[in-house]
Amino acid sequence: MATILVTGGCGKIGEKVCSGLLKKGNTVIAVDMAPSDYNAEKENYIFRQAAPNEKGKYGDIFDEFELDYVVHLACTVDNDLGPIVEKDQMDMSAACDAFLYKFALGKDIKKFILVSTTQVYKQPENREPLREDDIEKPVTNYAKLKFASENAFAEDVRNTKTMVCCIMRIAPVYSLDFYDNLMSRITDPKDKSLFVFRTGEYGFHLCCIHNVSDFIIGFLRQADTLNFTGIYNVADSGLVMASEIIQFMKEHHRLGPVLQRSSTSVSIKAKLFGNPIEKTNYRYLDMSTLDKNFMFDITKASRICPFRWNIKNTK
């Protein structure tokens, strides 16, 4: 089995990824700013404390262990950061980008996965699924942070002849106990009231956390040649409908009154001037695109992972 470094290994996503890798018999080195109890007592789990920009500590980790693979989850919004990404966090991510990929190349790491976001894409003008080669136009600070990481990664590894490199663009995640991204889809960003249009038969392309873990496990097991190097969209196999979010919250959590609205129309003023929160808030809800049912093309990633988890069977 492999020895795998997981940065951000103690966050909401990271601890699930580490758990999945451990179940497959791997040794996992989890690095984060603070420990988590989730995997602490499991066999072959090792924790090392370091902030993403602590180059010296990361250098020591690469020297201490004979690493096979790296999964870079640090500086991922639902893993380490809040929905409002500030300049300090962007600077920390950039500092990590400046050395992490070079360390991996210097130690002949066989496979490297960088976790990014589907928010890097330009807002589509039609309902065609967004493919990996579609136009990027990051708007939120988080999207800009991750797009910068993608570019730094591509620049550092472009001449590698041995390391299989993957950029995962994941849709906003959720699980049974983590539902912030679900709630943001039924929360008015202006007054924070809960709402649904008509009967809620419109949807959002999100990603169950366990699909993220399954894809990472599948990629590390199957990607044996440089032909696998590239960008992959990672999301559920279908949309999460607004009505399903409401039903999910009622069944598993508390949910206040939900207003039923008859129209998705947005004022001309709102369309012209937008909302300044959009530039920083990862979970900002663009009301003008609410019922467009945008999807990401996951055909490429589906060859590696079946994406079996959804809002009805998440855990």
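A salt bridge here is a side-chain nitrogen of Lys or Arg within 4 Å of a carboxyl oxygen of Asp or Glu. The side chains of Arg308 and Asp214 meet that test, at 3.1 Å from N to O. Arg308 lies in the segment after helix H10 (299–302), while Asp214 belongs to helix H7 (residues 209–222), so the pair ties together parts that are 94 residues apart in sequence. Arg308 is partly exposed, at 48% relative accessibility.

This is a predicted model, in which local features need pLDDT of at least 70 and side-chain atom pairs count only at pLDDT 80 or more, while totals for chains, interfaces and linings use all residues. Residues are numbered from 1 along each chain as its sequence is written, and side-chain values use heavy atoms, with hydrogens and water left out.

**Salt bridges**

The whole structure holds 18 salt bridges.

| Pair | N to O distance |
|---|---|
| Arg308 and Asp214 | 3.1 Å |
| Asp133 and Arg131 | 3.6 Å |
| Glu54 and Lys57 | 3.6 Å |

Accessibility is classed by relative accessible area: buried is under 20%, exposed is over 50%, and partly exposed is in between (1.4 Å probe, protein chains only). Glu54 is partly exposed at 29%.

**The seven-stranded sheet**

Helices (H or I, at least four residues) and strands (E, at least two) are DSSP runs, numbered from the N terminus. Two strands pair if DSSP finds at least two bridges between them. Seven strands make an open sheet, in the order S3-S2-S1-S4-S5-S6-S11, with parallel pairing. Its edges are strand S3 (45–49) and strand S11 (230–234), each of which pairs on one side only. From one strand to the next, the twist averages 20°. Strands of a sheet pair through backbone hydrogen bonds, either parallel or antiparallel.

Within this sheet, strand S5 (residues 111–117) pairs with strand S6 (residues 164–170) in the parallel sense over seven bridges. Phe112 stands opposite Cys165 in S6. Helix H5 (residues 141–157) lies across S5 and S6 and runs at about 155° to S5. Axes are lines fitted to C-alpha atoms, for helices over the stretch in contact, and angles run from 0 to 180 degrees between N-to-C directions.

**Helix H3 against H5**

H5 also packs with H3. Their angle is about 10°, and their axes are 10 Å apart. That makes H3 roughly parallel to H5. The angle classes are these: under 35 degrees is roughly parallel, over 145 roughly antiparallel, 65 to 115 roughly perpendicular, and the rest oblique.

Contact means heavy atoms within 4.5 Å. H3 contributes Gln89, Met90, Ser93 and Asp97. H5 contributes Asn141, Lys144, Leu145, Ala148, Ser149, Ala152 and Asp156. By class, the contact has four nonpolar, four polar and three charged residues. Ala, Val, Leu, Ile, Met, Phe, Trp, Tyr, Cys and Pro count as nonpolar, Asp, Glu, Lys and Arg as charged, and the others, Gly among them, as polar.

Strand S8 (residues 194–197) is covered on both faces. Leu194 and Val196 are buried on one side, and Phe195 and Phe197 are buried on the other. In a regular strand the side chains alternate between the two faces of the sheet. S8 runs parallel to strand S13 (residues 258–261), joined by four bridges. Leu194 has Val258 as its bridge partner in S13.

**Positive phi in two loops**

Most residues other than glycine have a negative phi, and most peptide bonds are trans. Asn44 has a positive phi, near 70°. Asn44 sits in the loop between strand S2 (27–32) and S3, and is partly exposed at 36%. Cys75 also has a positive phi, near 65°. Its place is the loop between strand S4 (69–72) and helix H3 (87–97). Cys75 is buried, with a relative accessible area of 3%.

**A span across the model**

Asp63 is in helix H2 (residues 55–64). Asp63 is exposed, at 55%. Its C-alpha atom is separated by 43 Å from that of Phe204, 141 residues apart along the chain.
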